[in-house]
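Here are my notes for you, as numbered points to read with the model open beside them.

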Amino acid sequence: MGTGSGVGAVLEGVRASVAALDALEREDAFLASGAAVGAGVDVLQRRYELRLERLEVAKRLEALLSVVKAQDAAEAVGLQQAMTPPDASIQDRTYAQMSVVEEIAGVLTISSAAAGALVEQSRRICSLPLVMNALGAGVMSWQHAKIVADETEGLTPAGAAGLVARFFDPDAPSPARGAPPGDLVPSRFRAKVRAWRERHHPESIEKRHAKGVADRRMEYTPDRDGMAWLTLYLPGHTASAIWNRTTATARGLQSPDEPRTLTQLRPDIAASLLLGASLHPTNADDVRAGSSGEPGAAGESDTAVGKVPIPRADLLVTVPVFALLGLTDEPAELDGYGPIPASLARKLVADGADSFYRVLVDPRDGAPLEIGRTRYRLPETIKQWIRMRDRKCTFPGCSNHTPDNDIDHGTAWHHGGSTGISNLAQLCPKHHRLKHNSHWTPDAATPNEPPGWTSPTGRHHKPEHPTPEPTHWPPGILPVSSAALPACFHGEDAGPEVLPLWEPDNDRYVDINDLSADDPLWAEFFAAEPFALAP
């Protein structure tokens, strides 16, 4: 997007958005006036829909205005540099840039640090045309653009271009699947972008993880109203285990007689486990501190962590078999977190993994392949497979991780729904209840992606796809080019398509898509002995 013509096109979009807001406001005023409307028009329903439509236009307008702000911030710095004499000293140039940042801070009434961050983000975003085009089209927010700026920092120019192409260029060799960036809440978009970045960063995840572990720490920040924040910076698998354990314990404590919410129970459980105290409700009238700073006597309550079995921390790690065997260093995937180093995954397995679940994936794109079932009761293998496919609650925008989710039938069993993977999806307890008590409707899932959703007003939300990638093969296993393929894969005798190497035209191999859900080969596959790990 060019600077001059780009701003002009954006301002045209601003004018169109303002006109759309004006038209919606006039329609609402007409309905509110009590004037006669056509038969069958539900005035309250239509006024409700108008609010949603106005919010959509306002979102687009905010994105368009953020383009103007970003371009002006970046160009202000550039113009200031152009006005600086060529022979100016480094000190003079530094102060000139500081001055323009302070000017921007004063104009926008923000802090100097915030203005400096805006300038750096704006310069980076303006250097990425595909991102600016999406922002200028109003199809994503400034928050989404800032995520791209953050996650491309530290990448080479080629790496940054690859990341942008992955998520913003539909003609890229391997574009991201599922919902486009602007249809994902920012936190979920960041998770997808970060997962790609971790796999493609020029510095290996092993080295970066080692640096992060060395920087682990605990921070304490006083807050108002007698409260404070306690923050732990830990390895991802440790933090995930703590979260999963406190959540499972909180679920065990919930009952009709327990007044605390799940959100309140988690910190109470963490505090009780750290301090070795009984888990009483943290009521100011019930808790007093001892003189030594240790927990003092509490009020009468029979709700304690000690009366609920503390569950074992449950982690689901998806490890490529070659990485598990030490043949590659392809990152593993920690459920609820993202990519982790292969060495850490091997350590987690070697240190006490209780079970293995074999899952077949398509080697072309890393997508798990469906295993159908005709029984209502779900085998544990299917449950773990669903966890791996969906990663989280499938409801739009929800980030609830898998250990706390239910497996739901899209079409109910008693309405003819099967217990195949295409009819199953994860839902957190909150959205599971909403589905059965509202008109939010899931689409059918597919073998390798979760369902999308349709809202009561007919708005469709595409599924958030985990976008797996082809697995890394150890050196020497696969030919590097099609020229190395056997002769049967070339020329007129190759048939209607040239089969990839992992799908040879040979009776020794079975295409799993030709197997029925009840084929005994599935039971044989999953009943096989676990892989033997290399020392």
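**Notes on the predicted model**

1. Let me begin with the nonpolar patch: strand 1 (217-222), strand 2 (228-233) and helix 11 (262-275) each supply at least two residues of it. Please keep in mind throughout that this is a predicted model. The patch lies on the surface and is formed by Met218, Tyr220, Leu230, Leu232, Leu234, Ile242, Leu274 and Leu275. Together these residues have about 840 Å² of accessible area.

2. Is Leu274 buried or exposed? Leu274 counts as exposed because its relative accessibility is 64%, and the cut-off for that class is over 50%.

3. Helix 11 also has a covered side to its story. Leu262, Leu265, Arg266, Asp268, Ile269 and Ser272 are buried in this helix. Helix 10 (236-253) is included in what covers the buried residues of helix 11.

4. I also looked at the geometry of helix 11. With 14 residues at 1.5 Å a residue, helix 11 should span 20 Å, and its end C-alpha atoms are 20 Å apart, so the two values agree. Just after the helix comes Gly276, which takes a positive phi of about 70 degrees.

5. Back to strand 1, which contributes to the patch. How many of its six residues are buried? The number is zero, so strand 1 lies largely in the open. For this count, buried means under 20% relative accessible area.

6. Strand 1 and strand 2 run antiparallel and are joined by six bridges.

7. Elsewhere, please look at the open sheet of three strands, which has the order 10-11-12 and antiparallel pairing. Its edge strands are strand 10 (441-442) and strand 12 (460-461), each pairing on one side only. Strand 10 pairs with strand 11 (residues 453-454) over two bridges, in the antiparallel sense. In this part of the sheet, Pro442 stands opposite Trp453 of strand 11.

8. Thr318 counts as partly exposed because its relative accessibility is 22%, while the limit for buried is under 20%. Leaving out residues up to four places away in sequence, Thr318 touches Ala332, Glu333, Met388 and Arg391. Pro339 is 21 residues from Thr318 along the chain, and their C-alpha atoms are separated by 9.4 Å.

9. Finally, some totals for the protein. It has 16 helices and twelve strands. Of its 535 residues, 34% count as buried. The accessible surface comes to about 30800 Å², and 56% of this belongs to carbon and sulfur atoms. Among contacts with a separation of 6 or more, residues 24 or more positions apart account for 56%.

Key
Residues are numbered from 1 along each chain as its sequence is written. This is a predicted model: local features need pLDDT of at least 70, side-chain atom pairs count only at pLDDT 80 or more; totals for chains, interfaces and linings use all residues. Side-chain values use heavy atoms; hydrogens and water are left out. Patches are made of residues with over 30% relative accessible area and no salt bridge: like charges are joined within 9 Å, nonpolar side chains (Val, Leu, Ile, Met, Phe, Trp, Tyr) within 5 Å. Accessible areas come from the Shrake-Rupley method with a 1.4 Å probe; for residues, only the protein chains shown count as cover. A salt bridge is a side-chain nitrogen of Lys or Arg within 4 Å of a carboxyl oxygen of Asp or Glu. Helices (H or I, at least four residues) and strands (E, at least two) are DSSP runs, numbered from the N terminus. Buried means under 20% relative accessible area, exposed over 50%, partly exposed in between (1.4 Å probe, protein chains only). The expected span of a helix is 1.5 Å times one less than its number of residues. Contact means heavy atoms within 4.5 Å. Two strands pair if DSSP finds at least two bridges between them.
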